[in-house]
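Me: Please take a close look at a single part of this model. I would like its surroundings described and then placed within the chain as a whole.

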Amino acid sequence: DLDSDADGIPDQVEGSADADSDGQKNFVDPDADGDGLQDSVEGASDPDLDGTPSFLDADSDGDLIADADEGNVDTDGDLTPDFLDTDSDGDGLSDL
């Protein structure tokens with residue numbers, strides 16, 4: 001499969017829509033959902049099982065905090081970036 005933007009997600013998976021309305025089709029857009037996180041970081045998995053792959057999901061972990069706000073940092077040092085971590089500060093309480 002082709003991967004025109006070299007993000008590790010095949011063009012066929014990304015599709016030709018323009019999810020963030022920036023004038024770039026998803027398959028050539030390094031940040032298809034416009035959340036500030038590169039698609040190569042977010043990937044095509046669906047950790048919150050909402051039917052939307054992370055590269056298009058505004059809230060990849062389903063904790064009601066936008067990926068754009070959580071970012072690709074690991075606040076609690078558990079090797080899970082905050083945008084995928086439902087307890088991003090490691091206090092034992094869900095971010096929900």
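Reply: The model is predicted, so local features need pLDDT of at least 70, side-chain atom pairs count only at pLDDT 80 or more, and totals for chains, interfaces and linings use all residues. Residues are numbered from 1 along each chain as its sequence is written, and side-chain values use heavy atoms, with hydrogens and water left out.

Asp33 lies in the loop that joins helix H1 (11-14) to helix H2 (39-42); helices here are DSSP runs of H or I with at least four residues, numbered from the N terminus. Asp33 is buried but takes part in no salt bridge. Buried means under 20% relative accessible area, with a 1.4 Å probe and protein chains only, and a salt bridge requires a side-chain nitrogen of Lys or Arg within 4 Å of a carboxyl oxygen of Asp or Glu. The nearest side chain of opposite charge is that of Lys25, 17 Å away. Leaving aside residues up to four places away in sequence, Asp33 touches Asp20, Glu42, Ser54, Phe55, Leu56 and Asp57, where contact means heavy atoms within 4.5 Å.

Along the sequence the pattern is α-α-α. The radius of gyration of the protein chain, taken over C-alpha atoms, is 14 Å, close to the 12 Å that the globule rule (2.2 Å times the number of residues to the power 0.38) gives for 96 residues, so the chain is as compact as a globular protein of that length. Of these 96 residues, 34% count as buried.

Notes: Helices (H or I, at least four residues) and strands (E, at least two) are DSSP runs, numbered from the N terminus. Buried means under 20% relative accessible area, exposed over 50%, partly exposed in between (1.4 Å probe, protein chains only). Lys and Arg count as positive and Asp and Glu as negative; His and the chain ends are not counted.
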